[in-house]
Amino acid sequence: MVNTTEIRVSNQQFSVVPEGHVSIPEGYLTALVEVTDTFMTVRTGTDWGPVALSISTNEEDLAAVNDDEWDAIEEGYFYKIAPLRVETNDGTVWSDFTDLSKLPRKGKIEFRVLAKGRAQGWGRDSETAQEHYSLIFWSAAAGAPQRPKHRLVKSDGKNTITARKSNTPYNPDDHDASDARVRTIGPYIFGSE
């Protein structure tokens with residue numbers, strides 16, 4: 001059975017990132033998921049506040065999913081380079097998702113992200129969880145057919161940027177830096193004394 005945990009999101013997002021790495025999204029922008037080579041960020045409707053999140057690392061859980069029960073669905077892959085963790089933009093690491101440790105230490109990880117309730121609370125702060133996200137991860141089988149880097153399966157109408165084709169390489173000139181999210185770890189000392 002997959003457990004559901006409430007996490008508090010900030011700036012309308014949370015990420016699944018490798019330990020020791022900073023989540024600065026820079027990949028393929030889509031309606032629900034932004035995926036880079038080594039991690040993924042989920043764009044929530046809630047700007048600041050709780051959302052319900054469940055994570056599974058069992059590919060067999062895909063068969064139990066009824067797509068009609070979800071508002072938005074996206075799938076794709078990234079490469080795991082270190083143990084994964086759930087992190088929010090304010091730097092909080094959510095340690096409840098121990099299932100992530102069941103994935104192989106390194107390699108190609110496929111995913112499917114399902115969301116419901118995202119459009120209703122779009123851009124609002126909330127004190128109660130209005131949205132639910134289910135993330136299913138599994139190790140890509142050797143010799144399996146090549147899947148797209150990401151594919152929007154179902155949209156809730158909140159597409160902010162049209163997804164690029166997966167065979168188009170990432171070009172930083174395609175985006176401006178007005179929505180850049182950066183977290184620095186200090187202290188920083190400028191000048192000399």
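Predicted model: local features only at pLDDT ≥ 70, side-chain atom pairs only at ≥ 80, totals over all residues.

Reader: What makes E3 and E4 a pair?

Author: Pairing asks for at least two bridges. Between E3 and strand E4, residues 40–43, there are 3 bridges, so the two count as paired, and they run antiparallel. Within this pair, Glu-34 sits opposite Thr-41 of E4.

Reader: And why are E3 and E8 said to stand at the edges?

Author: The open sheet has 5 strands, ordered E3-E4-E2-E7-E8, with antiparallel pairing. Strand E3 (33–35) and strand E8 (93–94) each have a single partner strand, so one side of each lacks a neighbour in the sheet.

Reader: Why is Ser-54 called buried?

Author: Buried means under 20% relative accessible area. Ser-54 has 5%, so the label applies. This residue belongs to strand E5, residues 49–56. Beyond four places in sequence, its contacts include His-132, Tyr-133 and Leu-135.

Reader: Which residues touch the most other members of the largest nonpolar core?

Author: They are Met-40, Val-86, Leu-135 and Phe-137, out of 27 residues in that core. Strand E9, residues 107–116, supplies its largest share, 4 residues. A second, separate core has 5 residues, among them Trp-70 and Trp-138.

Reader: What does Phe-137 touch, leaving out residues up to four places away in sequence?

Author: Its contacts include Val-16, Met-40, Ile-55, Phe-78, Leu-100 and Phe-111, along with Ser-56 and Asn-58.

Note on methods:
Residues numbered from 1 in each chain as written. Heavy atoms only, no water. Core = buried A, V, L, I, M, F, W, Y, C linked by side-chain atoms within 4.5 Å. Buried < 20%, exposed > 50% of the residue type's maximum accessible area, 1.4 Å probe, protein only. Contact = heavy atoms within 4.5 Å.
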